[in-house]
Amino acid sequence: MTLIVIFFSVLAVRLWFLHHIRTDPAFYMPVGDSKEFNFWAFQIANGEWLWSQLHNHTPLYAYFLAMIYKVFGFKVGAVALIQCFLGAV
């Protein structure tokens with residue numbers, strides 16, 4: 001029961017923060033690493049596998065983003081919402 005209360009408390013804080021930050025224009029303009037991961041994810045979602053095999057340092061996050069983009073379309077809000085849920089877990 002305690003874990004459920006903690007989960008929903010953390011999720012509520014994360015969703016409150018997401019609600020307030022989504023109005024910031026910088027939220028939709030990735031820079032640095034996030035820009036690179038978004039670029040890779042866009043390529044992967046469009047059928048271009050970037051690496052022929054997975055290595056120790058293959059950025060699996062790009063494949064995770066590509067999967068989200070494939071299901072929900074290229075929406076930063078969907079990625080942020082899923083990350084809020086996974087962070088609460």
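Guide: Happy to! Helices here are DSSP runs of H or I with at least four residues, and strands are runs of E with at least two. Counted that way, this predicted model has four helices and zero strands. From the N terminus on, the elements follow the order α-α-α-α. The C-alpha trace spans about 45 × 30 × 25 Å along its principal axes, and buried residues account for 25% of the 89 residues in the chain.

The largest pocket has a volume of about 200 Å³. It is lined by 14 residues, and those closest to its centre are S34, N38, Y61, V76 and V79. Three helices each supply at least two residues of this lining: α2 (33–45), α3 (60–72) and α4 (76–88). The largest share, four residues, comes from α4.

For a view of the outside, turn to the surface. There, M1, I4, V5 and F8 form a nonpolar patch, with about 460 Å² of accessible area together. I4 has a relative accessible area of 47%; exposed means over 50% and buried means under 20%, so I4 counts as partly exposed.

Key: Residues numbered from 1 in each chain as written. Predicted model: local features only at pLDDT ≥ 70, side-chain atom pairs only at ≥ 80, totals over all residues. Heavy atoms only, no water. 1 Å grid on protein atoms, 1.4 Å probe; cavity = no way out; pocket = protein on both sides within 12 Å on 5 of 7 lines; lining within 4 Å. Points joined across faces, edges and corners; volume = space filled by probe spheres on them. Patch = residues over 30% accessible without salt bridge, like charges linked within 9 Å, V, L, I, M, F, W, Y side chains within 5 Å. Areas by Shrake-Rupley, 256 points an atom, 1.4 Å probe, with all protein chains shown as cover. Salt bridge = Lys/Arg side-chain N within 4 Å of Asp/Glu carboxyl O. Buried < 20%, exposed > 50% of the residue type's maximum accessible area, 1.4 Å probe, protein only.
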